[in-house]
Amino acid sequence: LAIDPAQWHEGQIQFTADQDRYLRRVLRLEPGDRLVALLPEPIGESRWWLVGLEPTGATALKPLPEPIEPIQTLTLLAALPKGSGFDEVVRQATELGVTEIVPVLSDRTLMQPNGNRLERWRRIAREAAEQSERAAIPTVTEPLAWPAAIAQMVEHDGRFLCVARRSAPHLWQALQLLADSVPNPTSAPTSAQSQSPRAIALAVGPEGGWTPAEVDQALAAGWQVVSLGGRVLRAVTAPLAALAIVNAWGET
Ligand code: SAM
């Protein structure tokens with residue numbers, strides 16, 4: 001359950017009519033029952049709290065420990081697929097731990113998003129974060145043209161451009177090489193996770209793929225081309241595969 005700043009004051013939570021109906025009629029919760037809710041912090045990101053239901057609203061009881069997310073910044077840049085395909089990308093990417101989603105208007109992007117789409121994607125990210133009990137809701141930025149998107153990623157220490165090309169090194173290998181080269185400020189490395197790069201950007205192209213010029217722009221900006229395996233994945237499947245690889249790698 002995610003709560004807006006306006007609904008939460010000095011430890012007391014006021015639910016919206018929809019939330020109240022959901023808690024009492026659908027989940028059949030009663031005063032005295034406990035649940036977890038994502039509460040906004042005065043400064044910084046939202047945080048999960050244990051809250052106690054009251055006859056009206058609820059009281060925040062205690063914050064829950066922060067889950068460990070091995071990679072601190074995980075940015076997905078995805079060229080907008082046609083139709084409503086990006087809805088699915090946002091939902092699944094949120095479940096798989098992205099911290100930021102950048103919709104990219106690439107040369108071969110067919111879809112022209114309007115303002116309502118952005119609002120919709122942000123709502124989907126919020127719902128998916130709730131569903132997967134994430135501590136933070138990923139940011140969905142305004143759609144960016146590819147050169148502008150590249151320019152925003154200069155601080156990321158790993159920048160990977162997914163290309164459906166067998167000759168490219170596999171993302172897993174590229175992550176391993178990066179981990180070996182990134183010094184970690186914390187204790188002596190014992191696993192991939194303890195050597196994790198702090199910020200990773202993954203870019204996935206549209207149905208027609210990246211143009212040669214777009215690949216060149218990325219290479220010139222220090223990106224590395226990577227493969228996700230020998231099969232050509234759909235534009236909505238590739239982000240899922242890339243993020244699953246990063247997750248599996250981060251947990252080994
Ligand atoms: N014919 C297009 C091409 O050669 O790029 C296929 C595009 S594919 C449907 C859409 C996007 O998914 C690609 O631009 C790439 O980013 C990603 N993708 C699909 N399969 C991939 C794979 N096996 N490895 C890496 N990226 C892949």
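The following dialogue works through several features of a predicted model.

User: What is the overall make-up of the protein in helices and strands, and what share of its residues is buried?

Analyst: In this predicted model, the protein has 7 helices and 12 strands. Buried residues account for 46% of its 252 residues. The accessible surface comes to about 13,000 Å², and 52% of that area belongs to carbon and sulfur atoms.

User: Among contacts with a separation of 6 or more, what percentage joins residues 24 or more positions apart?

Analyst: Such pairs supply 69% of the contacts in the protein with a separation of 6 or more.

User: Which residues does Leu-171 contact, leaving aside its neighbours within four places in sequence?

Analyst: Leu-171 is in contact with Phe-160, Leu-202, Val-226, Ser-227, Leu-228, Ala-242, Ile-245 and Val-246.

User: Why is strand 6 described as largely enclosed by the rest of the structure?

Analyst: The term buried applies under 20% relative accessible area. In strand 6, 6 of the 7 residues are buried, so the strand is largely enclosed by the rest of the structure.

User: Which strands pair with strand 6, and in what sense?

Analyst: As a general idea, side chains in a regular strand alternate between the two faces of the sheet. In this case, strand 6 pairs with strand 11 in the parallel sense over 6 bridges, and Leu-74 has Ile-200 of strand 11 as its bridge partner. Strand 6 also runs parallel to strand 7 (residues 100-105), to which 5 bridges join it. There, Leu-76 stands opposite Ile-101.

User: Which residues make the nonpolar surface patch, and is Val-26 buried or exposed?

Analyst: Tyr-22, Val-26 and Leu-27 make a nonpolar surface patch of about 290 Å². Val-26 belongs to helix 1 (residues 17-26). Because its relative accessible area is 57%, Val-26 counts as exposed.

User: Where does Ser-46 lie, and which residues does it touch beyond those up to four places away in sequence?

Analyst: Ser-46 is in the loop between strand 3 (34-39) and strand 4 (47-53). Beyond those sequence neighbours, Ser-46 touches Leu-38, Leu-39, Pro-40, Glu-41 and Ala-135.

User: Which residues have a positive phi although they are not glycines, and where do they lie?

Analyst: Two cases may be examined. Glu-10 has a positive phi of about 45° and lies in the loop between strand 1 (8-9) and strand 2 (12-13). Glu-133 has a positive phi of about 55° and lies in the loop between helix 3 and strand 8 (139-140).

User: Are Glu-10 and Glu-133 buried or exposed?

Analyst: Glu-10 is exposed, with a relative accessible area of 73%. Glu-133 is also exposed, at 56%.

Technical notes. Residues numbered from 1 in each chain as written. Predicted model: local features only at pLDDT ≥ 70, side-chain atom pairs only at ≥ 80, totals over all residues. Heavy atoms only, no water. Contact = heavy atoms within 4.5 Å. Helix = DSSP H or I, 4+ residues; strand = E, 2+ residues; numbered from the N terminus. Buried < 20%, exposed > 50% of the residue type's maximum accessible area, 1.4 Å probe, protein only. Areas by Shrake-Rupley, 256 points an atom, 1.4 Å probe, with all protein chains shown as cover. Patch = residues over 30% accessible without salt bridge, like charges linked within 9 Å, V, L, I, M, F, W, Y side chains within 5 Å. Salt bridge = Lys/Arg side-chain N within 4 Å of Asp/Glu carboxyl O. Pairing = 2+ DSSP bridges.
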